[in-house]
Amino acid sequence: MKKLVQYLMVLTLGLMATSCYYDELPPEPVIQIPEVVSYSKDIQPLWDQSCIACHKAGATAPNLTTGNSYAALTANSKYVVAGNAANSLLHKALIGQGAPLMPTAGIWSDSKIALVDKWINDGALNN
């Protein structure tokens with residue numbers, strides 16, 4: 001019985017010492033930026049993946065759900081200044097400078113931010 005207890009203690013300590021490590025998450029894949037950025041095909045999926053858990057009807061503004069997001073972002077240039085990503089609140093939030101960082105889970109990859117910036121700089125079209 002004593003040997004069994006010793007074995008279990010050694011096994012437990014061994015598992016604790018080797019199983020509780022943290023690897024770095026693999027980097028996000030680089031998004032290829034198309035010549036013409038489509039809001040529905042390129043931008044809305046970003047909101048769907050990272051934003052609509054908080055930014056939906058009845059929750060935190062703006063509402064980024066499909067069918068609502070474009071108007072919510074572009075109305076009165078509150079979040080998006082068409083043709084000027086650097087002065088857009090959306091861009092500032094994505095980089096965490098001049099606005100709270102969004103998404104709150106952490107900064108996006110450079111390629112995701114570049115995709116949104118290209119969409120804004122190209123006129124923030126609803127295409």
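Tutor: Asn76 is found in the loop between α3 and α4, where helices are DSSP runs of H or I of at least four residues, strands are runs of E of at least two, and both are numbered from the N terminus. The model is predicted, so local features need pLDDT of at least 70 and side-chain atom pairs count only at pLDDT 80 or more, whereas totals for chains, interfaces and linings use all residues. Residues are numbered from 1 along each chain as its sequence is written, and side-chain values use heavy atoms, with hydrogens and water left out.

Phi of Asn76 is near 60°, a positive value in a residue other than glycine, and Asn76 counts as exposed because its relative accessibility is 77%. The cut-offs are under 20% relative accessible area for buried and over 50% for exposed, with partly exposed in between, for a 1.4 Å probe and protein chains only. Ser77 lies in the loop between α3 and α4 as well; its phi, near 55°, is likewise positive in a residue other than glycine, but at 42% relative accessibility Ser77 counts as partly exposed.

Two cis peptide bonds can be described next. One joins Ala61 and Pro62, with omega about 0°, and Pro62 sits in the loop between α2 (39–50) and α3 (69–74). Another runs from Met102 to Pro103, with omega near -5°, and Pro103 belongs to the loop between α4 and α5 (110–121).

The largest share of the lining, 4 residues, comes from α4.

Helix α4 (residues 89–95) also holds Ile95, which counts as partly exposed because its relative accessibility is 26%. Leaving aside neighbours within four places in sequence, Ile95 is in contact with Leu101, Ile107 and Ile113, contact meaning heavy atoms within 4.5 Å. The C-alpha atoms of Ile95 and Ile113 are separated by 7.8 Å, although these residues are 18 apart along the chain.
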